Structures are given as structure tokens and as C-alpha cells.
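The sequence and the structure come first.

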There are 2 protein chains.
Amino acid sequence: VLSPVMTNNITEDIEVLVFLPQNNSYLFSYARVAPAILYAQQRLKIEGGQYSGFLFNIQFENSDCVNDAMFMLADRSCGQKPDLILGPVCEYEAAAVVRLASHWNIPVISAGALAAGFSNKKTEFSHLTRIAPSYVKMAEIFTAMFEHFTWKTALLVYEDDKEERNCYFTLEGVYHLMADYNIKTYAVSQENRLDADDILQKIYDTEVVIMCMGADKIREIMLAAHRQQFTNGSYVFFNVELFNASSYGNGTWKKGDKYDNAARQAYASLNTVTLLRTVKPEFENFSVEMKKSIEETGLDDCQDCVNIFVEGFHDAMLLYAIALHEAMRNGYNKKNGMKITSLMWNRTFEGIAGQVSMDANGDRNGDFSLMAMTNVEAGTYEVVANYFGVNGTFQLLPAFNIDSFTLRGRHKAHTEIPS
Amino acid sequence: VLSPVMTNNITEDIEVLVFLPQNNSYLFSYARVAPAILYAQQRLKIEGGQYSGFLFNIQFENSDCVNDAMFMLADRSCGQKPDLILGPVCEYEAAAVVRLASHWNIPVISAGALAAGFSNKKTEFSHLTRIAPSYVKMAEIFTAMFEHFTWKTALLVYEDDKEERNCYFTLEGVYHLMADYNIKTYAVSQENRLDADDILQKIYDTEVVIMCMGADKIREIMLAAHRQQFTNGSYVFFNVELFNASSYGNGTWKKGDKYDNAARQAYASLNTVTLLRTVKPEFENFSVEMKKSIEETGLDDCQDCVNIFVEGFHDAMLLYAIALHEAMRNGYNKKNGMKITSLMWNRTFEGIAGQVSMDANGDRNGDFSLMAMTNVEAGTYEVVANYFGVNGTFQLLPAFNIDSFTLRGRHKAHTEIPS
């Protein structure tokens, strides 16, 4: 509010090094995310007010999700080091880059690096700010539900590719946060055939099943569960599908084969946890612009193309500008990466899609939605509850039906314990 | 044999960067290993024959077993890069260093980096040569025994510290190599109390138990197994104790408490796998020199101070000299790290303690010993069998007693299967 006379005159050249994959199979590929970063750059320049004196020189480098980004960064140690690094998203590659960047006092902002290990900012990940909600943040919707519905036990079933390990890291977040509950895990390897019956054996003495897997495997398990009458209300099933919920909402039970009818009934017991999508009027313009830019690069399918990675890397530019401005106003310079990083933490600001709240550890608070089948005849889904990370509230919506979350056929077992 | 006239005239300056921990709690600390590297340097200079033209300029840097070595290497990318890197030993730190060194075409020789993951030299670990037998090599003595005694099932019990994870990686080698057997795993966390009964429950349907843990925990499990009569011949127990076997042979069953007698009896079922120690006459001089150097640095306890790391890093210098000489004789120069690396592989040479055989993948073939209690009255141990990695032979020694390796009370269970 108190704005010293000189603040509008802060100018600075900022070298930004961005690591994004050229490979378009990633939701966070260069073709999808670069337009958002350039959009933020333009907006800061033209409408940026006190930030319009920042001149961002943005260099994009390929990330192969293995070692390319780290090699590129190490190779540059000789010349001028960047002032800011955006990305990488992939866990292992991000780990190496963040270590080196922290060692060199360079802030890193990523819409990835979502694994639980990055939460420890004490040492090697000190300069990392996470602009998308981490997997541990996602897990909060599960602790909220477990508390609300007084569940005690869960089986985590995840597909592990032993490479990027997204599903492993996703459910690791749940495992990490739910240490006080009785949690078992089951890994499904990508190579071997899925043994749904073996998984269902492990389900036996748990209440809740939380899965992260490809849609076909989820369907196979739900069909097997349905055959064994595990979908009669004695278990609650969840599927975590953070990043491409749009493809899910249509109902992946439908495959056009002879099992569609059984799958539709089975999926009445399957609920999906996904990111809460907010839309504010200004977002429409951004979204239209992004789709245009992305389509110009020849990417046809733009269904998931304005996703959390696209928004996150856009907002990363804003957050950095806010923090750098505050640092410089207080007499620090752009090379003080630790100071600038700390000013990005524990702060709320207006992002492209809505309010962005960073916690005191430099990790974005997350809002998540719970989707459930609300019309079994039609096999259609609705959002039935939301979880808001800032204040930890779990909000039931009108479409919520308590029956789907009440365990049946269990009371007998529970009362038997004292005997 | 055919030695061209000019070969003795090959001279070259070689920059060696060595990563060893200053912290003496490591068996491969600077104080222990540096004298061996300097000994090799001296020997090559004075008695090196065709290698005496190599002038090694050796720089030691601290390794903290986390990130220090990688940071140090990255920081040097600007100035002159080293021609050869020795170490680091610790798995995670070595991974980062080897990746960067491979990217920069610098050969790395380590007596560590023993985990299974490093076996894949196709991409990121292309420049790594392992001068000590890896954990997968150690696992060969188990496959040899499983074949010899026709065992089928095992439980691997390991203590996991989630930091250096030595026992995790040790038994991972077994798990990796024994994919065709029925293997289960059990992780013991360092923080929680050991639940020996829970472990013994898991033992129930296996034949063999292979453990890697601190001596106190091993004793606790063996005492519990003894109480439950699991040491009556229906199970065979193993303890992997690769690097400080000397402290083991004295019998860690003895603690001077009231359980000594039971522990002694229990340990009649416990066999230890350790590195095979060879001694040749020249080794004595080396050993005496090492002990002198190490004691000069103020390290009192020199019991384990001439160990595989000390020998390995000594031999690393010889192996590099042999390969570099061959490369230069064929017109390559010292900056061709890939060529020099390939010349270190698939080669046998005379190391300080005996013959060193490198396989075609650049990993040292390993020889291992099996120790068993041969006098239960006295509770004393002897080597009862040896395994030789070069030709895969498993050799029984006179002290070997077949009774200790024959599973009893099992035939009934086996014949029941067809019914």
C-alpha cells in the first residue's frame, strides 16, 4: 500500500532458462507450455505496472526427462548462470537440476517435481518453489475423507514403470501423509499381465482402495471386483487422475465391448480425485490464446492443452516478478537467489486462473475435486465434493450421496473385535 | 609380448580427481584410502616400466556421500576437466558424478557404486568401471548355493536407513539376480523397534533367510528364531557381511549377557557371506605400509584398515595406466575417455592382493567366502566354502558339513503338494 516514489523505476534484465520436453507426449511439452510463459512475459511488459521494468530474456532448452536438463545446466557453469530456472517437471531430472541450482543459489520454479521427497527444503532442494500442488497436497483430500467418514484402512494400488514413476510418486504422497492409518501397498508392473484376483485378495481386510493406473487396468480391476461382489458397498474405490480429468469425466467404463454394462455398474463404486478447476473471466482470453498458439505448432488435439502445467508456468513468471521486485525494493539484487526464493513463499497472489496460495514451505496449496457416478442408469459423473487446501475444508456439494461412502456389511466384523 | 621399440617413451601428464570422505566413520575414508593411491602412484613411477612416463597429478576432494562430489565436479566444468576420476563410493553420490563424467567423456573408476542400477552401462553410466565386486556379483554365491542345494525360496531381511541404504542395495543385488526364484523381502526401518516375531511369521513358508543388518539386530532375530525352534534345521540363515568380516569371525553371538549361550546355539544355523581374502607375499609390504600411513594420521583402530576399498583404489591406478598406455600406443589420446574405459573392461591383471578380473561390462568379478560355525561347543567359525566369480565355481572346503545345509522336516510338506 505504501509505495515509495522510486518503485516504478526498478529495471533489470533477467536471464530465464526453461526446461521443457520437445516430445509432445507430455502434457507439459514445450509446444503446450512455452506459449503461456511468453504470454506472461508479454503481459508483464505491457500491463505489468511496477514489474514492467523487468526485461525477461527467456531461453528454452530441451528436457528429456532423464539427464539432459542437468547436463545443460552443468555445461553452463562456465558462462553466465541464469537468474531463474523454470522446470523441469519430471521428478528425477528435476532432482538433479534443483540440487545444482540450489548449490549455485539460483531459484527454480516448477509446475512439476511433485514427489514427497522435494518437500524437504532444508538442504539440497532449498531453492525450489512448486507452483502446482504436490502429491502430498493431493493426499490431503484423502485424510479429509478418512476423517470425515471415519475410515481406518486402505490399499494403495499403483502401476510402476520404473522410469518416470508418476503413479508411484502420486500414491507415495498418500502413503507419506497417512502414516497414522493402516495403509498397505500393491505395485503393478507395466510388463506383466495384471493379476486382478491377486489384488482383490489383498483388498479383503481393507475398507478403501486407492488406485493410480492406466484406464484399461482400472477397468479390469473394477470388473473383477464387481464379479466378486466387492462393489456391493463393503468397499470404497478411488482412482487418482490429476491431470487429464476431462478425458475421464466422459466415463472410461465405456469401451464398446460386451463388458460395458457390468463396468458401468462397477464404476458406481469408483470415485475419482482430480484437480479442482476454477475459471474466472480473464481465463477465457488466456485459454483462447493458448489454444491458438498450440494449434499453430501443429498439435491437433487440444483437449487437455490448457492444464495445470500451462497455468503453473505462466503464474511462475508472475510470482518471480513479485518476489524480485520486493527483493530489489529492499536493496537485494537478482543474484540473491535464496532471498528471492524466500519471498515467493508464504504468499498469495492472483494467478491466471484464480488465486494462487503458496505455503510457508514454498509449495502451492491445492484444491481438489471428488467425482462420483450420480446416475447409474446413464453412467454419468458429477463433482460431489471439493477440498480446499488453504483452509483444509472438505465441502460436500448437492450431488453428494452419502450412501456411496458408507461401508456396508462391516458392522458385524467391527463388533466382533472385543470378543 | 611384441613390444614396439617406442613404447617405453610414452609420457603424459594425467589429472586425477579423487572423491573420498574426510569422515573416518567410512571404511573408505580419505585417511584410509589416500595412502594406497599414493603408493600406486609411487610404484608406477619407480617400478612402472612402460608406465613410468605417466605423471599423475592427484587432487583429493571431500565426498560427503550426498552431493559434494557432484557439485565439485560441476564447478570445475569451466576450468580444466580431470582425465580420470576415482570414487565416489556412496551410491547416490556416485550416480550423480558418473552421469556428469560420462556426459563429459571422463573415465570413472570406483571401488564403490556397487548397486545393481550401475550395471546398465548403455547410457548414463557408460564411463564407470567398478574395481570392487558389485552386489550382483556377491549374489552369485547365493545362486550357486541355491542350485547346489536345490533351494527354491528365500526371505530377504534388510535394514533400511533411507540414506546411504547399503543393506538395501546389498540385498537388492540378490533380488536382482534371483528373479527366477521365489523371493520375498522384509524391510526393517532404523527408527522403529525390531519386531522379530513379525519377521519370523514371514519366514514360515520359505527355506532360506538372507539378512543384512547391524550385529545387534541379527542377534535379536537369531535368538527369537531359536526360541521358536526355527534353528532346528528346517531353515538356513545367512548374514551378508561383506566389508568387515574380521570383526564378525570372532563371533558376534557373544555379548557377555545372559543370552550368550542361546545365541551361540542359534548361530550354529547362521552362515556368513563375506569377501574372499587372498594374500600374496607382496601384499604384506603394502599392508605394512598402509597401516603405517594410516596410523600416522591418528586413526588408532587399524583392524579393517586394509580393506577392499583400499586395495581397489590402488588397483584402479594400475588398471588405468595399462588402459591408457594401450590407448596411446594405438594412437588415441588421454581425452578419449570412452576408448580408455573400454580398454579397462574384459581384462585380467595383477593387482596388489592378487589377480583382478574385469568382466566385459567393466565390473570386477568377485570371489566370496562362506563362513559357518564348525565348533558349536566353542562357538567358533571357519570358512567352509568359496565361490570364484571368474569361472562360477562353488568349492566346498574340508570344514564343510552338509548337515548344516540340509533342510529337515520339510519332506512331508513337499510330498503333500500333489494331493
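How many salt bridges are there between chain B and chain A? The count is zero salt bridges. The model is a predicted one, and the values below are computed from it.

**The contact between the chains**

The interface draws 14 residues from chain B and 14 residues from chain A. The size of an interface is often given as the accessible area lost when the parts come together. Here chain B and chain A bury about 1100 Å² between them, and 62% of this area lies on carbon and sulfur atoms. On the side of chain B, the residues that lose the most area to chain A are B:Phe71, B:Cys78 and B:His103, which together make up 34% of what that side buries.

Although salt bridges between chain B and chain A number zero, polar contacts do occur: six residue pairs, both residues at pLDDT 80 or more, are in polar contact across the two chains. Two helices of chain B, α2 (68–75) and α3 (91–103), each supply at least two residues of the side that touches chain A. Sorted by class, that side of chain B has eight nonpolar, three polar and three charged residues.

**Disulfides**

Over all chains, the count comes to four disulfides. The table gives three of them, with the distance between the sulfur atoms and the torsion about the S-S bond.

| Pair | S to S | Torsion about S-S | Hand |
|---|---|---|---|
| A:Cys65 and A:Cys90 | 1.8 Å | 40° | right-handed |
| A:Cys167 and A:Cys212 | 2.2 Å | about -65° | left-handed |
| B:Cys167 and B:Cys212 | 2.1 Å | -70° | left-handed |

A disulfide joins A:Cys65 to A:Cys90. This pair links distant parts of chain A, 25 residues apart: A:Cys65 sits in the loop between β2 (54–62) and α2 (68–75), while A:Cys90 sits in the loop between β3 (84–86) and α3 (91–103). A:Cys65 and A:Cys90 are both buried.

Why is the disulfide of A:Cys167 and A:Cys212 left-handed? The torsion about its S-S bond is about -65°, so the hand is left. The two cysteines are 45 residues apart and belong to distant parts of the chain, with A:Cys167 in helix α5 (residues 166–177) and A:Cys212 in strand β8 (residues 208–212) of chain A. Both A:Cys167 and A:Cys212 are buried.

In chain B, a disulfide joins B:Cys167 to B:Cys212. This link runs from helix α5 (residues 166–177) to strand β8 (residues 208–212) of chain B, across 45 residues. The relative accessible area of B:Cys167 is 16%, so B:Cys167 counts as buried, the limit being under 20%.

**Surroundings of B:Arg347**

B:Arg347 lies in strand β11 (residues 347–350) of chain B. Beyond its neighbours within four places in sequence, B:Arg347 is in contact with B:Leu319, B:Ile322, B:Ala323, B:Glu326, B:Val356, B:Ser357 and B:Met358. B:Ser357 is ten residues from B:Arg347 in sequence, and their C-alpha atoms are 6.1 Å apart.

What does the side chain of B:Arg347 reach at 2.7 Å? It reaches the backbone oxygen of B:Leu343. The side chain of B:Arg347 also makes a polar contact with the side chain of B:Glu326, at 2.7 Å.

Notes: Residues numbered from 1 in each chain as written. Chains lettered and ligands numbered in written order. Predicted model: local features only at pLDDT ≥ 70, side-chain atom pairs only at ≥ 80, totals over all residues. Heavy atoms only, no water. Disulfide = S-S within 2.5 Å. Helix = DSSP H or I, 4+ residues; strand = E, 2+ residues; numbered from the N terminus. Buried < 20%, exposed > 50% of the residue type's maximum accessible area, 1.4 Å probe, protein only. Contact = heavy atoms within 4.5 Å. Buried area = accessible area lost by both parts, 1.4 Å probe. Salt bridge = Lys/Arg side-chain N within 4 Å of Asp/Glu carboxyl O. Polar contact = N/O pair within 3.5 Å; in protein donor to acceptor, adjacent residues only side chain to side chain. Nonpolar A, V, L, I, M, F, W, Y, C, P; charged D, E, K, R; others polar.
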